[in-house]
Amino acid sequence: MWLSQLLIGLTRAALGATPRWIGCEPSTAQRIYFANHTSHLDTMALWAALPPAIRASTRPVAAADYWGNNKLKRYLALQGLNAVLIERNSGKAMSNPLEPLYTALEQGASLIVFPEGTRQAQALPGTFKPGLFYLAERFPQVELIPVYLENIHRCMPKGTFFPVPLICTVRFGAPLAREEGEAKGAFLSRMRDAVVGLAS
Amino acid sequence: MTVQEKFYCVLGGVGALLVLASVITWLLWMRRGNTPLITNLAARMRAWWVMVGIFAAAYVLGRNATLVFFAFVSFFALREFLTLTPTRAGDHRALSIAFFILIPVQYWLIGTDWYSLFAIFIPVYGFLLLPSFSALIQDTDHFLERSAKIQWGVMVAIYCISHVPALLLLDIPNYKGQDALLMFFFLLIVQLSDVFQYILAS
């Protein structure tokens, strides 16, 4: 779609968003890409770094309270990015907030998630929320790919509204999976360490 | 010789040199195939062709095009520099100013022949403004270090590079209308030094 092409073109021009496939090769296999979250540009950068054929079947996950709260943002997220919107305040949601993600995965889509749930002020990720664990538990065949977004926290940190055009790279790590009987806390910290490991 | 004729002579000479070098590169490639040295040489040849092409186009399109072109050179240089420089979130505003205000203003000053401000705009006003904006964010960690790095980047990537097209400002007796040739000569010398250094080193 033209809007996606425009957004990707702008992201490339402003940030570069060059992919580095460190631990895996690009593949159309069903995957969940999870990354550190420091900026509104993260989704765009990761999405733009994927080859077009993979991008076509990969859907970013975005917070409904931010991306769904006005028409323009909603249009950008749904039409431009093909995003899956989820409710962050589970109190508001009537059903399981992860339900839209289950549906998307059942339809064969790959996902881009930011397991911290919110943007951080520093480059390294904080603690992961349990959503990723439930996804891995329910869809054990889906590859979990850790991704580290470098430099984006300097381009447009939390609280700023205009990007500084520094060159950003997107590093993809080796596929992970949930080990048999692994507890939630151990799994989440292992996933977080995989992202941190890509940082250096 | 008129200025135009001189320009075409210089361009023709550079072009001939490039054709000769390309032929040699091609012959080497025919003989030895894709060794790392030859791949590197071919990449350099391509870069030199593009460089000469862009400079020639900028010259033909006139002074404003040349200024816009150099503004982009500054932009990309500053981008490379700052990408490798560890700045913090608190520097965001200073960086935005460097990219989106200092670059256009510096080249606009050349365009309007305002030499007196062009010469001091970055070393005086820029250097006072940038750390002030960083200070207002109230992030004091490594403040002097960060400021120094940003200022050094701005100095090299904007102020120094902008002096190349600033040759167009010069008013040399008996040399009217030929400043662009002077700039071309300057770039040629710089590039030739790179060429010779490369050839002698390998």
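**Figure 1. The crossing of helices α1 and α7 in chain B of a predicted model.** Helix α1 covers residues 3-32 of chain B and helix α7 covers residues 179-201, and the two pack at an angle of about 15 degrees with their axes 11 Å apart. Here the axes are lines fitted to C-alpha atoms over the stretch in contact, and angles between N-to-C directions run from 0 to 180 degrees. Because angles under 35 degrees count as roughly parallel (over 145 is roughly antiparallel, 65 to 115 roughly perpendicular, and the rest oblique), α1(B) and α7(B) are roughly parallel to each other. This is a predicted model, in which local features need pLDDT of at least 70 and side-chain atom pairs count only at pLDDT 80 or more, while totals for chains, interfaces and linings use all residues. Residues are numbered from 1 along each chain as its sequence is written, and chains are lettered from A and ligands numbered from 1 in the order in which they are written.

**Figure 2. The residues where α1(B) meets α7(B).** On the α1(B) side, B:V3, B:K6, B:F7, B:V10 and B:V14 meet B:L181, B:F184 and B:L188 of α7(B), where contact requires that C-beta atoms, placed from the backbone, lie within 7 Å. These residues divide into 7 nonpolar, no polar and 1 charged, with Ala, Val, Leu, Ile, Met, Phe, Trp, Tyr, Cys and Pro taken as nonpolar, Asp, Glu, Lys and Arg as charged, and the others, Gly among them, as polar.

**Figure 3. The surroundings of A:A64 in chain A.** A:A64 lies in helix α4 of chain A, which covers residues 64-67; helices are DSSP runs of H or I with at least four residues, strands are runs of E with at least two, and both are numbered from the N terminus. A:A64 counts as buried because it has 20 C-beta neighbours inside 10 Å (20 or more makes a residue buried, 12 or fewer exposed, and numbers in between partly exposed). Leaving aside residues up to four places away in sequence, A:A64 touches A:L85, A:I86 and A:E87.

**Figure 4. Where chain A touches chain B.** In this view, 11 residues of chain A are in contact with 9 residues of chain B. The side belonging to chain A has 7 nonpolar, 3 polar and 1 charged residues.

Note on methods. Contact = placed C-beta atoms within 7 Å.
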